[in-house]
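Here's a quick walk through one chain, from its fold to its surface. Have the viewer open while you read.

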Amino acid sequence: LLSLRSTYDVKTIIIGVVLNLGLVYLCLKNLGFLENLLGQTGIAIVRKVFGFILLAIAVKLFRSNFAL
């Protein structure tokens with residue numbers, strides 16, 4: 001959150017965190033429905049996509065903190 005604070009104002013960060021919490025809550029609440037809808041292959045694809053997004057965020061934070 002400290003690195004986001006240098007780029008965005010506090011209000012924008014709070015809105016982003018609240019929206020993210022809401023989206024995660026809805027996904028976890030409807031997990032059974034999503035699993036039936038996507039199937040085993042769909043779940044594997046979503047897992048890979050989220051892993052790639054997490055990796056991209058980690059690389060961005062690493063580069064911004066070490067000024068590479």
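## Fold and surface

Going along the sequence, the chain's pattern is α-α-α. That makes 3 helices and 0 strands, where helices (H or I, at least four residues) and strands (E, at least two) are DSSP runs numbered from the N terminus. Bear in mind that this is a predicted model: local features need pLDDT of at least 70, side-chain atom pairs count only at pLDDT 80 or more, and totals for chains, interfaces and linings use all residues. Residues are numbered from 1 along each chain as its sequence is written, and side-chain values use heavy atoms, with hydrogens and water left out.

How much of the chain is buried? Of its 68 residues, 3% count as buried (under 20% relative accessible area; exposed is over 50%, partly exposed in between; 1.4 Å probe, protein chains only).

A nonpolar patch on the surface has about 930 Å² of accessible area together, and its members include Phe33, Leu37, Val49 and Leu61. Patch residues have over 30% relative accessible area and no salt bridge, and nonpolar side chains are joined within 5 Å; a salt bridge would be a side-chain nitrogen of Lys or Arg within 4 Å of a carboxyl oxygen of Asp or Glu. Val49 sits in helix α3.

## An aromatic pair

The whole structure holds 1 aromatic pair. Phe62 and Phe66 form it, tilted, at 4.7 Å centre to centre with 50° between the planes (centres within 6.5 Å; under 30 degrees is stacked, over 60 edge-to-face, the rest tilted). The two are 4 residues apart in helix α3 (residues 31–66), so about one helical turn separates them.

Here are some relative accessibilities in one place:

| Residue | Relative accessibility | Class |
|---|---|---|
| Val49 | 44% | partly exposed |
| Phe62 | 45% | partly exposed |
| Phe66 | 54% | exposed |

Methods
Phe/Tyr/Trp six-rings, centres within 6.5 Å; stacked < 30°, edge-to-face > 60°. Patch = residues over 30% accessible without salt bridge, like charges linked within 9 Å, V, L, I, M, F, W, Y side chains within 5 Å. Areas by Shrake-Rupley, 256 points an atom, 1.4 Å probe, with all protein chains shown as cover.
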